Amino acid sequence: MKTSQTLQEKYAPLSEPMFYILLMLEEQDDHGYSISQKVKELTGNQVTLPPGTMYGALSKMETDHLIRQIRIDNKRKIYTLEPIGKEILQQEKERIERLYRNCKGEKLS
Amino acid sequence: MIRMRFFTITEFEKEEKWLEDMAKKGYIYKKSIPPFFYFFKKSKPVDLVYRFDYLENKADQKSAEDLYEEYGWKALPSMNGFLLFSKPKAECTEDDMEIFSDRESQLEMLQRIEKSRLIPITICSVIVFANLIYQTVQLIRGHDNLDNFLIAILCSIVLAAVLKPAWKSAIELKKRLGA
């Protein structure tokens with residue numbers, strides 16, 4: 001298992017699909033298709049996570065223990081967020097926050 | 001109906017297009033026996049979208065198919081780690097016609113093919129080409145082994161016919177994806 005330091009480097013910055021998947025899993029355990037529907041709604045149809053992208057992102061993050069499969073519900077794999085995934089998501093949120101504030105012309109102290 | 005056609009391992013986009021064209025003519029893909037045979041069922045012409053994904057692991061293939069089906073894709077019999085899906089064009093909105101939404105995940109599919117197929121085949125081919133050189137030298141020296149030489153040249157031609165378009169198509173796709 002990789003140390004959290006190298007994993008954070010590997011995943012920074014997070015790709016948009018991975019960011020949204022982690023963001024949704026932070027709210028509640030869920031399966032791929034449902035995540036894609038929620039993201040679509042949340043972003044006003046601007047971010048779509050089609051199955052190839054979804055499957056690739058989920059299996060990659062599962063391999064690196066950012067997320068974990070907790071059960072299978074009617075062929076649907078339900079995932080939960082792992083501590084390292086949470087850490088990586090938090091780091092990404094802070095990065096986006098910084099970008100956002102700088103975009104607005106704000107200087108950070 | 002059976003049609004013969006050959007697509008090398010990285011020409012999946014060409015193959016998708018061909019299957020779509022066949023469906024437009026009323027030939028619906030049923031199954032294939034690699035590397036040449038495609039079986040079709042005659043029907044009325046339809047607009048179908050075909051997409052390939054590639055996963056080496058059998059267990060992954062099954063669970064990927066389950067996920068694709070939730071998105072309304074029909075999983076079709078495919079071979080050699082390639083997963084094939086279809087969906088009527090009429091059911092697709094503009095953004096669910098593709099199975100990848102970013103360059104990164106599309107590139108990762110290509111990398112999976114490279115890692116588990118293209119590179120191993122290329123390494124094997126080095127041995128085959130080396131053998132061809134060896135057999136040629138033997139022939140020039142006047143040793144009587146024409147059979148070996150002919151087999152070596154045949155293997156080399158087959159491999160070159162697979163590898164050259166495979167690398168060409170992989171490189172083109174990578175360029176397009178900005179890698």
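User: In what order do the elements of chain A run from the N terminus on?
Analyst: This is a predicted model, where local features need pLDDT of at least 70, side-chain atom pairs count only at pLDDT 80 or more, and totals for chains, interfaces and linings use all residues; side-chain values use heavy atoms, without hydrogens and water. Residues are numbered from 1 along each chain as its sequence is written, with chains lettered from A and ligands numbered from 1 in the order in which they are written. Elements are DSSP runs numbered from the N terminus: helices are H or I of at least four residues, strands E of at least two. Chain A comes to 5 helices and 3 strands, and the order is α-α-β-α-α-β-β-α.

User: What is the radius of gyration of chain A?
Analyst: The C-alpha atoms fill a box of roughly 50 × 35 × 20 Å along the principal axes. The globule rule is 2.2 Å times the number of residues to the power 0.38, and the radius is taken over C-alpha atoms. For 109 residues a compact globule would come near 13 Å, which agrees with the value for chain A, 15 Å.

User: What percentage of the residues in chain A is buried?
Analyst: Buried means under 20% relative accessible area, exposed over 50%, and partly exposed in between, with a 1.4 Å probe and protein chains only. Of the 109 residues in chain A, the buried share is 44%.

User: At what angle do α2 and α4 of chain A pack?
Analyst: Axes are lines fitted to C-alpha atoms, for helices over the stretch in contact; angles run from 0 to 180 degrees between N-to-C directions. Helix α2 (residues 16-27) and helix α4 (residues 51-63) have axes 10 Å apart and an angle of about 70 degrees. Under 35 degrees counts as roughly parallel, over 145 as roughly antiparallel, 65 to 115 as roughly perpendicular and the rest as oblique. So α2(A) is roughly perpendicular to α4(A), at about 70 degrees.

User: Which residues of α4(A) meet α2(A)?
Analyst: Contact means heavy atoms within 4.5 Å. On the α2(A) side stand A:Pro17, A:Met18, A:Ile21 and A:Leu22. Facing them in α4(A) are A:Thr53, A:Met54, A:Ala57, A:Leu58, A:Lys60 and A:Met61.

User: How do the residues of the contact of α2(A) with α4(A) divide?
Analyst: Ala, Val, Leu, Ile, Met, Phe, Trp, Tyr, Cys and Pro count as nonpolar; Asp, Glu, Lys and Arg as charged; the others, Gly among them, as polar. The division is 8 nonpolar, 1 polar and 1 charged.

User: Which residues of chain B are in contact with A:Thr48?
Analyst: A:Thr48 lies in the loop between α3 (32-42) and α4 of chain A. It is buried, at 16% relative accessible area. Leaving aside neighbours within four places in sequence, A:Thr48 is in contact with A:Lys40, and in chain B with B:Asp95 and B:Ser101.

User: What is omega of the cis peptide bond that joins A:Ala12 and A:Pro13?
Analyst: Most peptide bonds are trans. A:Pro13 sits in the loop between α1 (4-11) and α2 of chain A. The bond from A:Ala12 to A:Pro13 is cis, with omega about -10 degrees.

User: Is A:Asn74 buried or exposed?
Analyst: A:Asn74 is found in the loop between β2 and β3 (76-81) of chain A. Its phi is positive, near 55 degrees. The relative accessible area is 71%, so A:Asn74 is exposed.

User: What is phi of A:His65?
Analyst: A:His65 lies in the loop between α4 and β2 (67-73) of chain A. A:His65 counts as partly exposed, at 35% relative accessibility. Its phi is positive, near 65 degrees.
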